[in-house]
Amino acid sequence: MRFMVMIKASADSEADMAPEEGLLLKMGQYNEELVKAGIMVDGAGLMSSAKGARVQVADGRPIITDGPFADTKEVIAGFWIWQCSSLQEAIDWVARCPIAHGQDRFEIRQMHELEDFASEGEGYEQHKKVEAELAAQKSGA
């Protein structure tokens with residue numbers, strides 16, 4: 001099962017404060033553990049919301065709200081994509097995460113797989129085509 005693990009922002013992360021050297025090392029070691037365990041598929045820290053935008057689409061037109069966003073509890077500061085056997089396994093890995101800048105709040109969400117939906121029809125075939133194109137891009141074909 002794939003999970004997206006979202007790291008919630010804090011006042012420090014929204015101020016674009018760089019992590020201390022020791023913490024940067026601990027996060028790198030933690031990420032290395034995730035990779036060696038076959039858990040981590042992808043991940044990244046995100047710049048502050050001041051460098052982003054929220055977009056709502058109404059009647060086919062974008063309504064843009066430039067950052068920064070006032071409510072940091074709703075802002076994501078980083079993410080991982082993990083491959084875990086269960087939600088509990090993802091929770092157990094989050095519990096081991098070094099805490100940076102007071103970012104001690106995480107959200108874990110299981111990701112849909114194409115097989116979760118109808119396995120026939122034009123929509124399914126379109127998604128299979130996109131899946132194959134992504135795989136080809138990743139392999140450099």
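With which residue does Arg96 form a salt bridge? In this predicted model, the partner of Arg96 is Glu33, and the closest N and O atoms of the two are 2.3 Å apart.

Four strands make up an open sheet in the order 2-5-1-6, with antiparallel pairing. Strand 2 (40-45) and strand 6 each have a single partner strand and stand at the edges, so one side of each has no neighbour in the sheet. From one strand to the next, the twist averages 15°. Within the sheet, strand 1 and strand 5 are paired in the antiparallel sense over seven bridges. Ile7, for instance, has Gly78 in strand 5 as its bridge partner. Helix 2 packs on this sheet, where it touches strand 2 and strand 5, and its direction makes about 25° with that of strand 5.

Helix 3 comes next. This helix lies across strand 1, strand 5 and strand 6, and runs at about 155° to strand 6. Among the residues of helix 3 (residues 87-95), Ala90, Trp93 and Val94 are buried. These three cover an arc of only 100° around the axis, which puts them on the same side of helix 3. The cover over the buried residues of helix 3 includes strand 1 (2-8), strand 5 (76-83) and strand 6 (106-110), together with helix 2 (21-36).

Strand 3 (residues 53-58) pairs with strand 4 in the antiparallel sense over six bridges, and Ala58 stands opposite Arg61 in strand 4. Two residues lie between the strands of this hairpin, and Asp59 takes a positive phi near 55°. How many of the six residues of strand 4 (residues 61-66) are buried? The number is zero, so strand 4 lies largely in the open.

It remains to return to the charged side chains. Side chains of opposite charge can pair when their charged atoms come close. The model has seven salt bridges, one of which brings together the side chains of Lys51 and Asp16 at 2.5 Å, N to O. This pair also links distant parts of the chain, 35 residues apart: Lys51 is in the loop between strand 2 and strand 3, and Asp16 is in the loop between helix 1 (11-14) and helix 2. Lys51 counts as exposed because its relative accessibility is 54%, above the cut-off of over 50%. Asp16, at 36% relative accessibility, counts as partly exposed.

A further salt bridge is formed by Arg109 and Glu107, whose closest N and O atoms are 3.2 Å apart. Glu107 has a relative accessibility of 26% and so counts as partly exposed. Through salt bridges that share partners, Lys8, Glu107 and Arg109 are joined into one network.

How values were computed. Residues are numbered from 1 along each chain as its sequence is written. This is a predicted model: local features need pLDDT of at least 70, side-chain atom pairs count only at pLDDT 80 or more; totals for chains, interfaces and linings use all residues. Side-chain values use heavy atoms; hydrogens and water are left out. Buried means under 20% relative accessible area, exposed over 50%, partly exposed in between (1.4 Å probe, protein chains only). The arc is that of the directions from the helix axis to the C-beta atoms. Contact means heavy atoms within 4.5 Å. Two strands pair if DSSP finds at least two bridges between them. Axes are lines fitted to C-alpha atoms, for helices over the stretch in contact, and angles run from 0 to 180 degrees between N-to-C directions. A salt bridge is a side-chain nitrogen of Lys or Arg within 4 Å of a carboxyl oxygen of Asp or Glu.
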